[in-house]
Amino acid sequence: MPYTEDRNTWYEGQGIWKDTPKSDWEDWTWQLRNRITSLEQLEPLIDLTEGEMKGCQHANKKLAMAITPYFFNLIDRDDPDCPIRKQVIPRAGEMIASAEEMLDPVGEDAHSPVPGLVHRYPDRVLFLVTDRCAAYCRYCTRSRLVSNAQDYNFHPEFEQGLKYIETHPEVRDVLLSGGDPLLLSDNKLDYLLGRLRQIPHVEFIRIGSRIPVFMPQRITEELCEIFRKHGPVWMSIHANHPKECTAELKAACERLAFAGVPLGNQSVLLNGINDDADVMKALIHRLLRMRVRPYYIYQCDLITGSAHLRASVCKGLEIMKKLRGHTTGYAVPQYVIDAPGGGGKVPINPQYITKIDDEAIHFRNFEGKLFRYPLKSFTIDDECRCHEQEIEC
Ligand SMILES: *Cc1c(COP(=O)(O)O)cnc(C)c1O
């Protein structure tokens, strides 16, 4: 079985940082200071393809490159198709903009009542608290503002955002994102969470962060203490491939879980990285073992320069068919498309209903066997009485 061992990445045979004291390696500020951010730094470490070189030269005009030593260590440097490599090393495909692509693919700017706050759904807001990340995913949906390579000049407006939430009693759920909120100092996070907790109508607080995956060293006892103090704070991490599920990530998730932070995972379906049922299954099983509940699989947003990374919806549906019923229900995430232009997240499911008529709902199970549940004793409205179309992928 591939990917079943919890690898501890400390050196991991790569040798690049072998002279680094373990205390430095385990210090998140060391990881940040020693990120690989330029072609000059990258070239001596790995044999780059021509496409990667072009991609690196272009990156500073689109979305900066940054890779933590910890995450770089997960790359199989002999494999140009390494699933870790493709997520963080820019490629020439980023320079190609296709007609369907957009700079703000899910229309966030149009739903921003104040800068840095997106209010799309009735009861919850997305609060962008920074434009920086520990490392940059090459398919980033917010590459227009994240890393400021495109001169977007994003300035997090904490007070304006907090004031908006305070004066909108319908907001019961606040999602902190960015950029990566865990790049903020402990003091800032303590302040922000404290302010949010003081708002009586805010009953649910969560953080979207890839830092546990890019830099698990950031999950310190001091940080966990802040979550304990202001909890419950929920967290969605972002792992795409079982190779990311290291012993270090597992330990970080354990620290978070023991501090009372319920954990979910959001993956993006990526071409040649995780658009495969076996890879996805290995990932979600590893996540459960780390106390992380797979939450969403996103169809990759139509961000400019992402065609080479986007996987097909049919692949996504096929993967979902191979998960539901075939493995633990807790392990099965919801596959969604964030509607282009700004309609929110929409569930995309394999077709289980074959027909609804006056008599019954007809459906198939995970093995393809047909079943019916009688509806005779219920009122059936027109919307329900649909005859679902067969979808062939
Ligand atoms: C994803 C998202 C949320 C949270 O959606 P859930 O389905 O509740 O996880 C909220 N606001 C915006 C703008 C989002 O993109």
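Mentor: Let us start with Glu 248, which counts as buried at 15% relative accessibility, where buried means under 20% relative accessible area, exposed means over 50% and partly exposed lies in between, with a 1.4 Å probe and protein chains only. Before going on, note that this is a predicted model, in which local features need pLDDT of at least 70 and side-chain atom pairs count only at pLDDT 80 or more, while totals for chains, interfaces and linings use all residues. Residues are numbered from 1 along each chain as its sequence is written, and side-chain values use heavy atoms, with hydrogens and water left out.

Trainee: What share of the contacts with a separation of 6 or more comes from residues 24 or more positions apart?

Mentor: A contact means heavy atoms within 4.5 Å, and residues 24 or more positions apart account for 75% of the contacts in the protein chain with a separation of 6 or more.

Trainee: Which residues are in contact with Ser 209, leaving aside its neighbours within four places in sequence?

Mentor: They are Asp 180, Leu 182, Ser 236, Ile 237 and His 238. Ser 209 lies in the loop between strand S4 (204–208) and helix H9 (211–214), and it is buried, with a relative accessible area of 3%. A polar contact is a pair of N or O atoms within 3.5 Å; within protein, one must be able to donate a hydrogen and the other to accept it, and residues adjacent in sequence count only if both atoms are side-chain atoms. Here, a polar contact of 2.7 Å joins the side chains of Ser 209 and Asp 180.

Trainee: Is Asn 349 buried, partly exposed or exposed?

Mentor: Asn 349 is partly exposed, with a relative accessible area of 43%, and it is placed in the loop between strand S9 (345–347) and strand S10 (353–356). Not counting residues up to four places away in sequence, Asn 349 touches Leu 317 and Gln 334, and a polar contact of 2.9 Å joins its side chain to that of Gln 334.

Trainee: Which residues other than glycine have a positive phi?

Mentor: Among them are Ser 147, with phi near 80°, and Asn 148, with phi near 55°. Ser 147 is in the loop between strand S2 (124–128) and helix H7 (158–166), and Asn 148 lies in the loop between S2 and H7. Ser 147 is buried, with a relative accessible area of 10%, and a polar atom of its side chain lies 3.0 Å from the backbone nitrogen of Ala 64.

Trainee: Where should I look for a cis peptide bond?

Mentor: Omega is the angle to read: a cis peptide bond joins Gly 178 and Gly 179, with omega about 20°, and another cis peptide bond joins Gly 231 and Pro 232, with omega about 0°. Gly 179 is placed in the loop between strand S3 (173–177) and helix H8 (186–197), whereas Pro 232 is in the loop between helix H10 (221–230) and strand S5 (233–237).

Notes. Helix = DSSP H or I, 4+ residues; strand = E, 2+ residues; numbered from the N terminus.
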